[in-house]
Structure formats: structure tokens, C-alpha cells
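Please look over the sequence and the predicted model shown here before reading on.

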Amino acid sequence: MAPSDTISFARGAPSLDIVDVDGLRDSAVAAFTNDPGGVTGYGTSIGYPPLRRWIAEQHSVDEAQVLVTNGSMQADAFLFATLVSAGDAVVVEKPTYDRTLLNLRSLGADVRMVSLQTDGIDVDELAALLESGLKPKLVHIIPNFQNPAGYTLSLDKRRALLTLAAEHDFVIFEDDPYRHIRFSGEDIATMIEMDDSDKVVYASSFSKTVCPGIRVGYLVGPKPLIAQIQKLATNTYISPSMVSQSIVHEFCVSGRIDSSIATVKAALADRVEALDAALQTHLPDARYTLPEGGYFMWVELPEDTDVDALFDAANERGVAFVKGPDFLLEGGRNTLRLAYSGVTADRIDEGIARLADAYRSVTGAPATA
Ligand SMILES: Cc1ncc(COP(=O)(O)O)c(C=O)c1O
């Protein structure tokens, strides 16, 4: 029977200790005090206007280019529903975020996966696909600390993608909720900042910088497209949650967001260090690249490892992860995603020791010294 204290590397969500609950409480009080009408009314489908303005300033764009939604998942869904019809080709990274795959497949898109390397999508493979005649509506890219792999797209590849988008006339969907959670290395400019031909639509979220329960995300894109998506937003829900968005607004303008990001980054850096040490000690067969930020690490085990059997054995020992094949259309049977966002550093060694025990039970690998 599984131990009652399951250690979960499965969910891409923060542990409670790195959520600024006091800051959120103060921000809620400030929002209801400063703008009772704006907070409690229906508001507008483009989002809570002061937050929309704040986001536009952060991105140095016109407000009319911003739409604030209930989480960036909603932003993704609106964008896909607007641009993608059944049968349209859409390129995604291999592996990619499982919910993106589900969403695109439910729309009937012709989903094509292009290999992900440690410095981002394989642009040569993409170029060859385009040369062969594929005309994608959209190329979905998670540029920083990718979900599920944790890899980051290099500056050169960002430039190469923009060139390909201009040549082959497709939209780059830059899905970027993790950018601000960088704990080592240098920040890299976003593609939307570098784009001069309106080929990029950008999405981000406050799930990783404030908290996921607040459900606030947003899109930045060309004005006509944002106006079109605004109509869909109005028809879908009249308006997103003004209560949530006004709290996020207060959290941002009071500067609490900066201390929240600092807390998250420091904790996640410690966790990656602990994870690396634990894998080296208990599971030396694991192959991985250490992420410079974000929530996730991709682990490859020897070719003949059966991740389904490993998953069940891990479950029996009270440790959870997501199987690699969930992020792929096929293959990946020897891979898995470890999310360290929800596991405090003091539990990581125990979690990986359990995983290693599960691995030995399914592969017969010897115990480490
Ligand atoms: C790449 C990516 N896009 C979008 C989302 C959805 O985020 P939100 O909580 O803002 O809906 C996630 C969440 O994990 C994600 O990893």
C-alpha cells in the first residue's frame, strides 16, 4: 500500500510556503478599499483596466494589444479557437505541454511535433518541414524553462524562428509563463520584443509569480487579433474575474510581486540543487539537463525502461511524477517529468530515494553504493 505521505513531483504548482498569502490578503483589502465599484462590477471583457494598463507598460505596448483572461490557459484556448480550424497544421515542440496537445487535438488540428533540443526547438527540422510544403497556422513555443523539459530557447534560435515566420507566413505563439522565474543564467529577449512584422502572439500568467488559484493570465498581440478575441471573450463570459485581477493589480503596483518572485526563485534554485544531488546519489542512470529556471526537469532513463511499470511501482512507494508519453504523440516510454515546484527541498532526497527504489524494482538495477 502507498505511504500516506506521497511526495508529488507531478503537479506544476507551487508549495504553499512560497506563496505570499499575507501579500495577497493585503492586496485584496486594498483592492476592495480603493476601487469597490471596479472590483465588484461585471467589468469589461478585456480585463480589469488598471491591470491591463500595467501589463501594457511592462511590455511597452499599446493597451489595445492586451487582453487579460482567467489564467493563460484561457488565453491559449481563445487564441486556438480564433486561429485554428479542424485540419489546420499546427507545429508544437516534442515534447510539449500536455494541455496544449489536448486542446489542439480537440479542435481537430493536424498537430506536428518538432524535436526539442536543450537550446530549444530544432529550427533545422522545422525549416525542412516548411520546405516540404507544410503551411502551419501556428507554431507553439514555450521559450523559457519549457514545460515539460525545462530547456530554454537560445537567442539565435529566437531570431531564426522570426525569420522563418516572416518567410513562411505563420504565427509564433510564444507561451511564456516562466520567464521571470529564472534563478541562474541571463534573461533572453522575448520574440515579441524582437518581432517587427506582427508575427508573434505572446501569452503569460501570474500563476507562477503570484499564485495559480488567482487564475489571471493574458495575451499580447496585434490589435486586430486582440479585438477579434475580445468578442469571443465577451460571448464566453461577459468578463473575466475582476476580483482576481484587481488583487493582482494591487499586488503588482505595491511591489509585492517583486518579493514574491525573489522568494520563488530562491526556493526553486535550492530545490534544483537538491534534486541534482539526490539523482546523482540514488539514480545515477538518470540523464537530464539542469534547468536555469521554472518548475520542471525532464529525465531520460535507459532505453528499455518501462515508464508505465515505473509509475505504478513509484505510486506504491508514495512518489508521483508525470510520464513522458503524456507530453508526446508517440514514444518517450523511458522518460518522465519531475516538477520540483511543489516539493520542499527537505523532501526531495526522500522522494528520489523512493523513485530509485521503484526503478530498481522494475529494472532489476543494482542498489547504489
Ligand atoms: C506552458 C504553459 N502554458 C500555460 C499554462 C497555464 O497556466 P495558467 O495557470 O495561467 O492557466 C501552463 C501551466 O502550467 C504552462 O506550463
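## R11 and its contacts

R11 touches R337, A339 and S341 when residues up to four places away in sequence are not counted, contact meaning heavy atoms within 4.5 Å. R11 lies in the loop between strand 1 (7–8) and helix 1 (21–34); helices (H or I, at least four residues) and strands (E, at least two) are DSSP runs, numbered from the N terminus. With a relative accessibility of 64%, R11 counts as exposed, on a scale where buried means under 20% relative accessible area, exposed over 50% and partly exposed in between (1.4 Å probe, protein chains only). Although R11 and F321 are 310 residues apart along the chain, their C-alpha atoms are separated by 7.8 Å.

## Basis of the model

This is a predicted model, in which local features need pLDDT of at least 70 and side-chain atom pairs count only at pLDDT 80 or more, while totals for chains, interfaces and linings use all residues. Residues are numbered from 1 along each chain as its sequence is written, and side-chain values use heavy atoms, with hydrogens and water left out.

## Two buried serines

S27 lies in helix 1 and, at 3% relative accessibility, counts as buried. Leaving out residues up to four places away in sequence, S27 touches I247, E250 and F251.

S72 has its place in helix 4 and is buried, with a relative accessible area of 12%. Its contacts, apart from neighbours within four places in sequence, are S204, S205 and G217. S72 and S207 are 135 residues apart in sequence, yet they are 8.4 Å apart in space, taken from C-alpha to C-alpha.

## Backbone features in the loops

Most residues other than glycine have a negative phi, and most peptide bonds are trans. The peptide bond from K94 to P95 is cis, with omega near 10°, and P95 is placed in the loop between strand 3 (89–94) and helix 5 (98–106). N147 and P148 are also joined by a cis peptide bond, with omega about 20°; P148 lies in the loop between strand 6 (138–141) and helix 7 (155–168).

F145 lies in the loop between strand 6 and helix 7, and has a positive phi of about 50° although it is not a glycine. At 0% relative accessibility, F145 counts as buried. I238, in the loop between helix 9 and helix 10, is not a glycine either and has a positive phi of about 65°, but I238 counts as partly exposed, at 45% relative accessibility.

## Two helix pairs

Two packed helices are described by the angle between their axes and the distance between the axes. Axes are lines fitted to C-alpha atoms, for helices over the stretch in contact, and angles run from 0 to 180 degrees between N-to-C directions. The axes of helix 4 (residues 71–83) and helix 9 (residues 223–237) come within 10 Å and cross at roughly 110°. Helix 4 is therefore roughly perpendicular to helix 9, since angles under 35 degrees count as roughly parallel, over 145 as roughly antiparallel, 65 to 115 as roughly perpendicular and the rest as oblique. In this pair, Q74, F78, L79, A81, T82 and L83 of helix 4 meet L225, Q228, I229, L232, A233, T236 and Y237 of helix 9. By class, the contact of helix 4 with helix 9 has nine nonpolar, four polar and no charged residues, where Ala, Val, Leu, Ile, Met, Phe, Trp, Tyr, Cys and Pro count as nonpolar, Asp, Glu, Lys and Arg as charged, and the others, Gly among them, as polar.

For helix 11 (residues 256–282) and helix 13 (residues 345–363), the axes come within 9 Å and cross at roughly 30°, and these two helices are therefore roughly parallel to each other. The contact is made by R271, A274, L275, A278, L279 and H282 of helix 11, together with A345, I348, D349, I352, A353, A356 and R360 of helix 13. By class, the contact of helix 11 with helix 13 has nine nonpolar, one polar and three charged residues.

## Nonpolar cores

A nonpolar core is a set of buried Ala, Val, Leu, Ile, Met, Phe, Trp, Tyr and Cys residues joined through side-chain atoms within 4.5 Å. In the largest nonpolar core, which has 47 residues, L51, L161, I172 and F206 touch the most other members. Helix 10 (residues 242–253) gives the most to this core, with five residues. Apart from this core lies another, of 38 residues, among them I18, A286, Y295 and V343.
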